[in-house]
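Have the viewer open as you read.

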Amino acid sequence: MARGKSAAAKLGALGLVTALTACGPDPNAAPNLENFTAQQIYERGEYELEVGNPRRPNDALKYFSEVERLYPYSQWAKRALIMEAYAQHRAKKYEEARASAQRFLDTYPGDEDAAYAQYLLALSYYDQIDEVGRDQGLTFQALQSLRDVIEKYPDSEYAQSAILKFDLAFDHLAGKEMEIGRYYLKRGNYTAAINRFRVVVEQFQTTSHTPEALERLVEAYLALGITDEAQTAGAILGHNFQSSPFYQDAYNLLEKRGLKPEAKGNGWLAKVYRQVIRGEWL
C-alpha cells in the first residue's frame, strides 16, 4: 500500500484487536463500532489488511466503510476512502474499486493521495485485461487511465509504473490485431489479414509485434502476387529488424520467388519506408 505503518503503530493497532473483535458474535456481520474513535476503527482495518488476515480484504472493508459512515467529515474518513479503494482492488472488486477511487478524486482532487487514487483507478482496468482473443474495451480504458496518471501526476511515485503498464497494454492491443490477422492468413483471406497487419505497422510500430507483422505482410502479399509490397515490407523488416528470425523467414520467402528485400512501387508500405528509413515525412 502507498502508506506504510511503523512497528509501534502496528503494535498499537494490535492492542485494539480484542476489543474490536468483541463488537459482535457474528464475524461476518457489520460490526457495531459506534463507541470507538475513527482512528481506532481505521487502524483495525489496516490491521486486517496487514496482519489479521491479508488474504481476506473484505474483513478490512467493513472497518473502512464504518469510518466513513460514523465520521464522514474527518481526516480519517478521507484516509479510509483511499484504503477502501485499495482493499476492493485486492479483493478483485474492480468496479467497486473504480467507484471508490473516483469518489476520492472527486472529493479530494488536490490531496496528496490523489495520484494514488488515479493509479488505483487505472489498475482496476489494467488488471482486468482479458486474454488477447477477448474484447479489448478494457484495454483502451486502461490506456486512457494510465495516461491520466502519467500526464496529471508526472512527478509522482506512480508515474514510472504507469508508463511501463501503458507500454504493456499497448503491446496487448497489437497482439489482438496480430491474432486476428494470423487467423485470416491461415484461412487464405489475405486482404483481411493485410488490413490487420497494416494496423500494427502503422499504429503499433513501437511494439514487439512489428517484426512479425512485416513478415506476415510479405507472406500475404506474395500469396496475392503483389510483389512490390512484399519486397518493400521485407526491406523495412531488414532495415529495422535484421537480427530478427522474422527477417530471415521473409528473406527466404522472397528468395524462393527470385526476389529480394527492397523498396519498390508507391503503395502504403513505400510511404512507410520513406518516412521511417529515409526520414521523408512530407
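## Salt bridges and helix packing

There are 11 salt bridges in the structure, and the model they come from is a predicted one. Three of them are set out here.

| Salt bridge | Closest N to O distance |
|---|---|
| Glu68 with Arg103 | 3.0 Å |
| Arg182 with Glu212 | 3.0 Å |

Take Glu68 and Arg103, whose closest N and O atoms are 3.0 Å apart. Glu68 sits in helix H4 (residues 57-70) and Arg103 in helix H6 (residues 94-107), so this bridge ties together parts 35 residues apart in sequence. Glu68 counts as buried, at 19% relative accessibility. That value falls under the 20% cut-off for buried, while Arg103, with a relative accessible area of 36%, is partly exposed.

Since Arg182 lies in helix H9 (residues 159-186) and Glu212 in helix H11, the bridge ties together parts that are 30 residues apart in sequence. Arg182 is partly exposed, at a relative accessible area of 33%, whereas Glu212 is buried at 12%. And there's a bit of a network here: salt bridges with shared partners join Arg182, Glu212, Glu215, Arg216 and Glu219.

Now follow H11 into its packing. Helix H11 (residues 210-224) packs against helix H12 (residues 227-240) at an angle of about 160°, and their axes are 8 Å apart. An angle over 145 degrees counts as roughly antiparallel, and that is how H11 runs relative to H12. The crossing is left-handed. On the H11 side, the contact is made by Pro211, Leu214, Glu215, Leu217, Val218, Tyr221 and Leu222; H12 brings Glu229, Ala230, Ala233, Gly234, Ile236 and Leu237. By class, that contact of H11 with H12 has 10 nonpolar, 1 polar and 2 charged residues.

Which residues does Leu254 touch, leaving aside its neighbours within four places in sequence? They are Val218, Leu222, Ala230, Gln231, Gly234, Leu259, Lys260 and Pro261. Leu254 itself is in helix H13 (residues 245-256) and counts as buried, at 0% relative accessibility. Leu254 and Leu222 are 32 residues apart along the chain, with 8.1 Å between their C-alpha atoms.

With helix H14 (residues 268-276), H12 packs at an angle of about 25°, the axes being 8 Å apart. These two helices are therefore roughly parallel to each other, and H12 passes H14 in a left-handed crossing. From H12, Glu229, Thr232, Ala233, Ala235, Ile236 and Asn240 meet Trp268, Leu269, Ala270, Val272, Tyr273 and Val276 of H14. Sorted by class, the residues of this contact come to 9 nonpolar, 2 polar and 1 charged.

How values were computed
Residues are numbered from 1 along each chain as its sequence is written. This is a predicted model: local features need pLDDT of at least 70, side-chain atom pairs count only at pLDDT 80 or more; totals for chains, interfaces and linings use all residues. Side-chain values use heavy atoms; hydrogens and water are left out. Axes are lines fitted to C-alpha atoms, for helices over the stretch in contact, and angles run from 0 to 180 degrees between N-to-C directions. Helices (H or I, at least four residues) and strands (E, at least two) are DSSP runs, numbered from the N terminus. Angles under 35 degrees count as roughly parallel, over 145 as roughly antiparallel, 65 to 115 as roughly perpendicular and the rest as oblique. A crossing is left-handed if the near helix is turned anticlockwise from the far one by less than a right angle, and right-handed if clockwise. Contact means heavy atoms within 4.5 Å. Ala, Val, Leu, Ile, Met, Phe, Trp, Tyr, Cys and Pro count as nonpolar, Asp, Glu, Lys and Arg as charged, and the others, Gly among them, as polar. A salt bridge is a side-chain nitrogen of Lys or Arg within 4 Å of a carboxyl oxygen of Asp or Glu. Buried means under 20% relative accessible area, exposed over 50%, partly exposed in between (1.4 Å probe, protein chains only).
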